[in-house]
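Colleague: I am still new to reading protein models, and I would like a close look at a single part. Could you pick the inside of this one and walk me through what packs there?

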Amino acid sequence: MDIHEVMAVCAQYPAVTLDFPFGHAPACYRLCGKIFAEVYPTGVRGALRILLQDDRIPREAIIPMVTLRCEPAYGDFFRQQYPAVVLRPYHYPPRQQSYGNTIIVDGRLDERAIRAMIGHAYSYVLGKLPKKTQAEILNCSGELPPQERSGGIPMP
């Protein structure tokens with residue numbers, strides 16, 4: 001799965017809007033004004049050096065990535081399953097780092113896992129909305145299929 005496919009998956013969910021509040025990057029996917037995915041199609045210069053704490057990575061390395069909101073247990077589960085490509089979000093304050101994951105989109109992580117994380121991010125933000133708003137979104141679109149919420153991957 002490449003970064004453009006990631007963006008297409010994020011955009012397919014009901015009531016999602018796309019905006020660019022910080023310039024050309026990141027592309028922010030929102031549900032009722034709340035960000036659930038931040039996509040960096042051209043990466044962020046130097047971010048991998050920070051994320052991986054590896055000075056051998058050239059500062060110029062540009063690799064696409066996406067940061068997704070998540071429940072702390074779910075985020076930790078994926079960081080343990082895929083330690084080389086799923087990392088704590090480098091730009092979140094320390095107290096909020098457990099509520100997100102940054103995924104390096106370079107082809108090493110299978111499509112099912114990426115879809116599962118995007119589905120969880122959307123569902124997580126949806127669950128934080130008022131019940132009336134949740135009902136309106138789900139009534140207009142029908143409930144998300146279970147495989148889309150988890151991508152067929154067992155959740156913690």
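Modeller: Here is a walk from the sheet to the core and its rings.

Residues are numbered from 1 along each chain as its sequence is written. This is a predicted model, where local features need pLDDT of at least 70 and side-chain atom pairs count only at pLDDT 80 or more, while totals for chains, interfaces and linings use all residues; side-chain values use heavy atoms, with hydrogens and water left out.

Let's start with the sheet. Helices (H or I, at least four residues) and strands (E, at least two) are DSSP runs, numbered from the N terminus. Two strands pair if DSSP finds at least two bridges between them. Here 6 strands make an open sheet in the order β1-β2-β3-β4-β6-β5, with antiparallel pairing. At its edges are β1 (16–19) and β5 (86–87), each of which pairs on one side only. Strands of a sheet pair through backbone hydrogen bonds, either parallel or antiparallel. Take β3 (residues 34–40) and β4 (residues 65–69) as an example: they pair in the antiparallel sense over 4 bridges, and A37 has L68 as its bridge partner in β4.

Next come two helices that lie across this sheet. Helix α4 (residues 111–128) lies across β1, β2, β3, β4, β5 and β6 (100–104), at about 35 degrees to β4. Those angles run from 0 to 180 degrees between N-to-C directions, with axes as lines fitted to C-alpha atoms, for helices over the stretch in contact.

Now for the core itself. A nonpolar core is a set of buried Ala, Val, Leu, Ile, Met, Phe, Trp, Tyr and Cys residues joined through side-chain atoms within 4.5 Å. Buried means under 20% relative accessible area, exposed over 50%, and partly exposed in between (1.4 Å probe, protein chains only). The largest such core has 37 residues, and V6, Y29, F36, M117 and I118 have the most contacts inside it. Helix α4 gives the most to this core, with 9 residues.

Leaving aside neighbours within four places in sequence, M117 touches L68, Y74, F78, V86, I103 and L109. L68, in strand β4, counts as buried because its relative accessibility is 3%. Setting aside neighbours within four places in the same way, the contacts of L68 include F36, A37, M117, I118 and A121. L68 also sits 5.4 Å from G100, C-alpha to C-alpha, although the two are 32 residues apart in sequence.

Finally, the rings. Rings of Phe, Tyr and Trp (its six-membered ring) pair if their centres lie within 6.5 Å; planes under 30 degrees apart count as stacked, over 60 as edge-to-face and the rest as tilted. There are 5 aromatic pairs by this rule. In one of them, F36 and Y122 have ring centres 5.6 Å apart and planes at 85 degrees, so this pair is edge-to-face. Because F36 lies in strand β3 and Y122 in helix α4, the pair ties together parts that are 86 residues apart in sequence. F36 is buried, at 0% relative accessible area, and Y122 is buried at 1%. F78 and Y82 make a stacked pair, 5.9 Å centre to centre with 15 degrees between the planes. Of these two, F78 is buried at 1%, whereas Y82 is partly exposed at 24%.

Methods
Contact = heavy atoms within 4.5 Å.
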